[in-house]
Each structure stands twice: as structure tokens, then as C-alpha cells.
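Biologist: I am new to this structure and would like to learn how its features are read. Could you take me through them one at a time?

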Amino acid sequence: MIKRWFSALLAVAFGFMILMLAGCGSGNTSSTSGDKAEKKKFTIGIVQIVEHPSLNTIRESFIAGLAAQGYKDGDNVVIDYQNAQGDQSNLKSICQRFANKKYDLIVAIATPSAQAAVGETKDIPIVFAACTDPVGSGLVADLNKPGGNVTGTSDAVSAEKIMELAQRITPGFKTIGALYNSSETNSLSVINNLKEYAKKQGLRVVDATVTNSSEVQQATASLVGKVDIIFSPIDNTVASAMPVVTQVTRKAKIPMYVGADSMVKDGGLATYGINYEVLGKETAEMAVQVLKGTKPGDIPVKTMSDMDIYVNLETAKAIGVTIPDDILKKAAKVFGD
């Protein structure tokens with residue numbers, strides 16, 4: 001009897017020990033899972049060619065878009081933002097550092113940034129933002145099937161559509177001044193579109209090219225007295241120098257049509273372009289797909305299809321132009337109102 005009682009007691013004690021060990025094991029497993037989750041923090045390098053409102057809007061919207069989908073900076077994501085200040089050598093150094101540190105993702109804002117990133121790594125996923133002509137810039141072979149480690153969003157605009165808007169606001173122009181950086185492939189594609197349109201319409205285009213922002217004011221001034229209107233595409237160099245461009249165009253009373261909403265905000269007369277906040281969010285959605293394991297080369301490049309009118313009433317008043325009421329009603333944003 002005593003033996004049976006003792007055997008039962010041992011069995012209970014043994015069972016209790018197993019339960020305790022299982023509990024400890026479960027706790028250790030949980031701790032290990034916690035360690036693994038801790039290690040699942042992604043590092044994203046963001047490289048931007050230069051400071052100007054459109055690119056800043058993209059970056060801010062991108063970061064907000066990531067957070068909205070659960071990827072928060074300082075939580076499960078570490079974001080390393082670097083600005084090249086318009087210097088190509090800085091771009092190369094930044095992208096080299098991102099590649100050497102083997103970041104999980106590189107986000108390249110604007111074409112020069114994307115070209116620099118692509119030149120430094122074929123392994124790390126790259127998502128570009130606001131690259132006007134990804135194929136012509138050598139970033140991808142095909143918009144629908146990018147291939148490799150690269151995809152992103154395009155901010156391609158139609159020079160023809162912008163000129164049609166110009167004909168409604170300032171009809172009768174015959175000569176167009178084209179202000180752009182000749183080394184930016186994103187600008188060249190739009191300027192080629194402008195020249196095709198001008199040829200069809202019997203209009204003349206006068207080029208004023210620059211290589212850096214310090215040349216923009218002089219290049220703008222060189223067009224005074226030679227052209228009826230000035231056009232600048234989504235050109236990073238010109239966009240960063242819009243305040244000095246505006247001084248010249250307002251004083252000379254020359255309408256200036258541009259490729260980006262921020263350039264209208266900074267003094268351009270009008271554009272028919274994209275919303276960069278939306279582009280930033282679209283770029284974030286693509287980045288999330290990559291972080292979840294989708295290969296960049298399997299994600300089609302996204303070209304923004306929704307275009308809006310943007311006008312600057314302060315500029316219109318300064319140069320003596322009246323914006324038609326129907327255009328003001330259709331405008332997504334009226335600056336200087």
C-alpha cells in the first residue's frame with residue numbers, strides 16, 4: 001500500500017516537473033522569438049539629389065506611407081536619409097556607403113540619384129521615385145518588366161499638354177524658351193517632347209541650357225527679348241533655383257510654364273502635372289512589397305496617370321496675365337490667391 005502511494009506521489013512529482021520544464025521551454029522560445037523579431041528591423045537608405053519642394057514632398061510622403069503600413073522609422077525600420085546637395089560625387093559616395101553597409105533597401109529620389117544607386121549595386125533592392133524616363137535613363141529595360149533589382153515610380157509629364165494649357169492662358173506665342181540642365185536625362189526626354197510639339201505647330205524653340213544651379217539666373221536672362229514664353233521641365237537644377245528664375249521672368253513679364261507643382265508654387269505661372277504627395281505614397285507601397293519579399297524586377301514601374309492644373313495668381317498679376325475662370329475652377333491648387 002505504502003509502495004503504491006509512494007509510486008503515485010513520484011508520478012505526480014515527475015509530471016509536475018515536466019510541466020515546469022515545458023513552461024520554461026515555452027518562455028525561452030518566446031524570448032528567442034522576441035530576439036528574432038528584434039533582428040527583423042529593416043534599414044532603408046534614402047538618397048536625394050538636391051533640396052527642393054517636390055522632392056521633399058516625395059520623401060515626406062514616402063516615410064508617412066511606410067508608417068501607415070506599419071513600417072515606422074525608429075520602430076521596425078531605420079531610415080538613413082542623405083542629401084547630395086546637387087553634387088554628383090556626393091551621390092556616388094552616398095550610394096557606395098549604402099551598398100557597403102548592405103542596407104535592406106535603397107530609395108533613390110530623382111533620376112540622378114537612381115542612376116548613382118544602380119551603378120553601385122546589383123544585389124540590394126532599389127526603388128526609385130520621380131524618374132521621368134526610367135528606360136531612357138538606363139534604369140530599367142522595360143516599364144512592365146523591369147527585371148534585376150530595380151523598380152519605382154515615374155513622374156513623366158506631357159510637354160504637349162502643358163503647351164496646350166499655355167495656349168489657353170497666353171494664346172498667340174510663337175517662340176518658346178527651353179530652360180533645362182542638358183545632362184539630366186529626365187529633362188531631355190520632356191524637351192524632346194516639347195520640340196516635337198513645336199515642330200507640328202510651327203513654333204520655334206530656343207534652348208538655354210545649364211550644368212549647375214549657379215548658371216540658372218544667367219541662362220534665364222539670356223532668353224529675355226528672344227522668346228514669348230519660357231518652359232522648364234521637371235528639372236532638378238532649375239527647380240532648386242526657381243526663386244532667381246522668378247525674379248527674372250517677373251521683371252521681364254515673361255510667362256513661365258513648368259513641369260512640377262512646386263515650381264508653380266515657387267513662381268512659375270502654371271503647369272499641368274502630377275501630385276507628388278500621391279507619388280510618394282505609391283513609392284511607399286512598392287517599397288513595402290519589396291520588404292515583404294517581392295523582387296523589384298517583378299514589380300512594374302508605376303507611371304502617374306492623374307494630372308492636375310496648378311496656377312500662381314501672384315505671378316499672373318506680376319506679369320499682367322489674367323487666368324481664365326474655367327482654368328481656375330479646374331485647378332487642383334491656386335497659389336498666391
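Modeller: We will go through the pockets, a helix, a sheet and the salt bridges in turn.

Modeller: This is a predicted model, in which local features need pLDDT of at least 70 and side-chain atom pairs count only at pLDDT 80 or more, while totals for chains, interfaces and linings use all residues. Residues are numbered from 1 along each chain as its sequence is written, and side-chain values use heavy atoms, with hydrogens and water left out.

Biologist: How much space lies in the largest pocket?

Modeller: Rolling a probe the size of a water molecule over the atoms shows where empty space is left. On a 1 Å grid over the protein atoms alone, a pocket is an open set of points where a 1.4 Å probe fits, with protein on both sides within 12 Å along at least five of seven lines, and lining residues have an atom within 4 Å of a point. A volume is the space filled by probe spheres set on the points, which are joined across faces, edges and corners. Here the largest pocket holds about 290 Å³, and of its 17 lining residues the closest to the centre are Ile49, Gly86, Asn181, Glu184 and Thr237. H4 and helix H8 (236-239) are the elements that give two or more residues to this lining, helices being DSSP runs of H or I with at least four residues and strands runs of E with at least two, numbered from the N terminus.

Biologist: Which classes of residue make up the lining of the largest pocket?

Modeller: Three are nonpolar, 13 polar and one charged, where Ala, Val, Leu, Ile, Met, Phe, Trp, Tyr, Cys and Pro count as nonpolar, Asp, Glu, Lys and Arg as charged, and the others, Gly among them, as polar. Domain 1 (42-155 + 275-303) and domain 2 (159-274 + 307-335) each give at least three residues to the lining, with bounds from an automatic or database domain assignment.

Biologist: Is helix H4 mostly covered or mostly uncovered?

Modeller: Buried means under 20% relative accessible area, exposed over 50%, and partly exposed in between, with a 1.4 Å probe and protein chains only. Helix H4 (residues 111-120) is mostly covered, seven of its 10 residues being buried, among them Thr111, Pro112 and Val118.

Biologist: What is the order of strands in the open sheet of six?

Modeller: Strands of a sheet pair through backbone hydrogen bonds, either parallel or antiparallel. Two strands count as paired if DSSP finds at least two bridges between them. The order is S2-S1-S3-S4-S5-S11, with parallel pairing, and strand S2 (77-83) and strand S11 (302-303) are the edge strands, each pairing on one side only. Strand S3 (residues 105-109) and strand S4 (residues 126-129) pair over four bridges, and Val127 in S4 is the bridge partner of Val107.

Biologist: How many salt bridges are there?

Modeller: A salt bridge is a side-chain nitrogen of Lys or Arg within 4 Å of a carboxyl oxygen of Asp or Glu, and the count comes to six. In one of them, Arg168 meets Asp326, with the closest N and O atoms 2.4 Å apart. Arg168 lies in helix H5 (residues 159-169) and Asp326 in helix H13 (residues 325-330), so the pair ties together parts that are 158 residues apart in sequence. Glu277 and Lys281 also form a salt bridge, at 3.8 Å between the closest N and O atoms, and both lie in helix H11 (residues 276-291), four residues apart, about one turn of the helix.
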